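Q: I have this one open in the viewer and want to go through it piece by piece. Can you take my questions as they come?

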Protein chains: 2
Amino acid sequence: MIRRGSEPWRGVLALPGGFVRQDEDLPDAARRELREETGLDVQPVHLEQLQTFGAPDRDPRARTVAVAYLAVLPTLPEPVAGTDATEADWRAVEDVLRTDLPFDHADILAAGLARARSKLEYTTLATAFVGTTFTIADLRHVYEVVWGRALDPGNFHRKVLTSEGFVSRVPGQRAGGRGRPAALFTPGSAVLLNPPILRDLEPSTPDRQRRAHRDDDPAAVCARAGNEVEVPDGA
Amino acid sequence: MIRRGSEPWRGVLALPGGFVRQDEDLPDAARRELREETGLDVQPVHLEQLQTFGAPDRDPRARTVAVAYLAVLPTLPEPVAGTDATEADWRAVEDVLRTDLPFDHADILAAGLARARSKLEYTTLATAFVGTTFTIADLRHVYEVVWGRALDPGNFHRKVLTSEGFVSRVPGQRAGGRGRPAALFTPGSAVLLNPPILRDLEPSTPDRQRRAHRDDDPAAVCARAGNEVEVPDGA
DNA sequence: TCAATAGTGTCTGTGAGACACTATATC
DNA sequence: GATATAGTGTCTCACAGACACTATTGA
């Protein structure tokens with residue numbers, strides 16, 4: 001989140017974003033704005049287009065269209081405020097969700113969270129949250145944090161290992177924790193998860209109806225580096 | 001598809017689309033452009049944002065950003081050419097895929113097709129393809145045509161009926177076909193499919209690896225009513 | 001009667017979840 | 001030792017697919 005340095009909503013926490021340049025592709029603009037406003041220069045492991053928000057009244061200054069992007073990073077380097085931002089820092093999603101966000105940034109954030117939760121089910125996105133080598137428990141923690149629910153360690157372990165191309169074993173172990181050292185892995189070649197890892201939203205009611213009403217659209221995402229373009233009058 | 005009435009690519013088949021107006025929301029613009037260029041005035045049963053295409057060189061005239069939409073209609077009224085279109089007609093997707101499309105319309109079409117195929121798996125989108133009352137076989141034909149593969153009638157029947165809120169029975173039957181009359185249904189209240197109806201892309205190889213490489217991004221959509229906005233210089 | 005489609009019954013295999021159990025580390 | 005975590009074994013249940021079977025129509 002950045003604290004806005006200019007009107008409107010000067011001094012208010014918002015998602016980083018800005019205007020696309022004339023000869024710039026949309027993902028490039030997202031990366032540039034993120035870098036300019038937060039100093040984060042990492043090549044994100046994962047950057048995907050989220051959704052486009054274009055309600056006529058979304059910006060009081062002019063008609064704009066925002067093309068929202070979702071970035072996923074394995075580590076969170078300390079951001080520094082840049083152009084148009086007096087402050088830049090990481091915030092926990094659950095805190096931001098309780099905040100009043102400017103523009104339609106609440107919708108954008110909700111879409112980003114929903115996308116991330118959904119994509120853990122049927123893609124290998126989880127590996128983008130962890131480093132180049134990781135343990136199965138690291139991966140499980142990603143699922144547990146993003147989904148907000150505990151998973152059975154044993155079943156998760158087996159499911160990841162039997163999911164063709166999800167992870168691939170590398171030599172070595174990671175000790176230093178409390179228990180038995182864990183084997184190390186790197187991301188596999190698969191992008192889509194063969195049998196998807198579906199989350200039961202209803203915590204296993206005995207009758208059917210488990211996934212009947214999910215809160216989000218699976219084809220609809222946590223951080224946003226936005227692109228906005230202005231619509232010329234009369235176009 | 002419409003035949004373009006103005007440059008560039010005058011006389012070439014393309015997806016309908018045009019520029020968003022100053023005080024118009026994006027879905028409204030999609031509906032308006034579809035109506036203006038093809039005469040289709042139906043309120044589509046289903047209209048969803050597909051993806052935004054903004055490569056700097058996508059339009060030789062100026063920098064534009066296209067917000068693509070996917071519409072699904074149960075019936076296909078005869079379209080008539082309108083503004084900027086000398087011809088408007090329905091084409092089979094497989095034919096259009098073999099055509100050279102202008103701009104980045106091939107990418108847009110591919111995204112639309114992928115979205116529709118994917119959404120049949122985990123949503124009740126199929127009901128948007130059929131009328132207000134339909135038979136299970138109607139629904140099965142949607143899956144078979146969009147997925148391009150035959151499904152077992154018996155298993156499909158059971159799967160639809162046991163999928164909570166997918167369809168709901170209405171009185172009456174539809175005879176007139178060759179065999180036993182079929183019961184009639186209307187769309188149920190569910191939007192998401194409880195146990196999803198997953199397609200096996202590999203036609204059931206004995207070994208694992210069934211859904212390992214899918215051709216499309218499940219979170220990515222067949223017709224497009226596009227929105228384009230121009231980027232002012234120096235924004 | 002035959003052919004075609006609607007719909008049901010049944011079997012088998014896969015996989016998810018619950019949970020017990022073994023293995024190996026730190027305290 | 002106790003405790004915590006990694007990883008495996010096993011059982012049960014749900015469900016997908018294959019396929020046989022019954023039901024009901026038109027030709």
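Q: Start with A:R10. Which residues does A:R10 touch, not counting those up to four places away in sequence?
A: A:R10 touches A:R4 and A:G5 on that count. Contact here means that the C-beta atoms of two residues, placed from the backbone, lie within 7 Å.

Q: Before going on, what sort of model is this, and how are things labelled?
A: This is a predicted model, in which local features need pLDDT of at least 70 and side-chain atom pairs count only at pLDDT 80 or more, while totals for chains, interfaces and linings use all residues. Residues are numbered from 1 along each chain as its sequence is written, and chains are lettered from A and ligands numbered from 1 in the order in which they are written.

Q: Okay, back to A:R10. Where does A:R10 lie?
A: A:R10 is in the loop between strand 1 and strand 2 of chain A. Strands (E, at least two residues) and helices (H or I, at least four) are DSSP runs, numbered from the N terminus.

Q: Is A:R10 buried or exposed?
A: A:R10 counts as exposed because it has 12 C-beta neighbours inside 10 Å. The cut-offs are 20 or more other C-beta atoms within 10 Å for buried, 12 or fewer for exposed, and partly exposed in between, with C-beta atoms placed from the backbone.

Q: And how far is A:R10 from A:D84?
A: Their C-alpha atoms are separated by 9.3 Å, although the two residues are 74 residues apart along the chain.

Q: What order do the strands of the three-stranded sheet in chain A have?
A: The order is 2-1-6, in an open sheet with antiparallel pairing. Two strands pair if DSSP finds at least two bridges between them. Strand 2 (13-14) and strand 6 (85-88) are the edge strands, each pairing on one side only.

Q: How many bridges join strand 1 to strand 6 in chain A?
A: Three bridges join strand 1 (residues 2-4) to strand 6. One of the pairs is A:I2 with A:A88.

Q: Switching to DNA. Which residues come closest to DNA strand D?
A: A:A137, A:G154, A:G179, A:A183 and B:R180 are the closest, out of 26 residues that surround DNA strand D. A residue is near a strand if its C-beta atom, placed from the backbone, lies within 6 Å of that strand.

Q: Which element gives the largest share of that surface near DNA strand D?
A: Helix 5 of chain A, with four residues. Among the elements supplying at least two residues each are helix 4 (136-147) and strand 8 (182-187) of chain A, and helix 5 (153-162) of chain B.

Q: What about DNA strand C, which residues come nearest there?
A: A:R180, B:A137, B:G154, B:G179 and B:A183, of 26 residues around DNA strand C. Here helix 5 of chain B has the largest share, four residues.

Q: Last topic. At what angle do helix 4 and helix 5 of chain A cross?
A: Roughly 105°, with axes that come within 10 Å. Axes are lines fitted to C-alpha atoms, for helices over the stretch in contact, and angles run from 0 to 180 degrees between N-to-C directions. The two helices of chain A are therefore roughly perpendicular, a word that covers 65 to 115 degrees.

Q: Which residues make that contact in chain A?
A: A:I136, A:L139 and A:R140 of helix 4, and A:P153, A:F156, A:H157 and A:V160 of helix 5.

Definitions and conventions: Angles under 35 degrees count as roughly parallel, over 145 as roughly antiparallel, 65 to 115 as roughly perpendicular and the rest as oblique.
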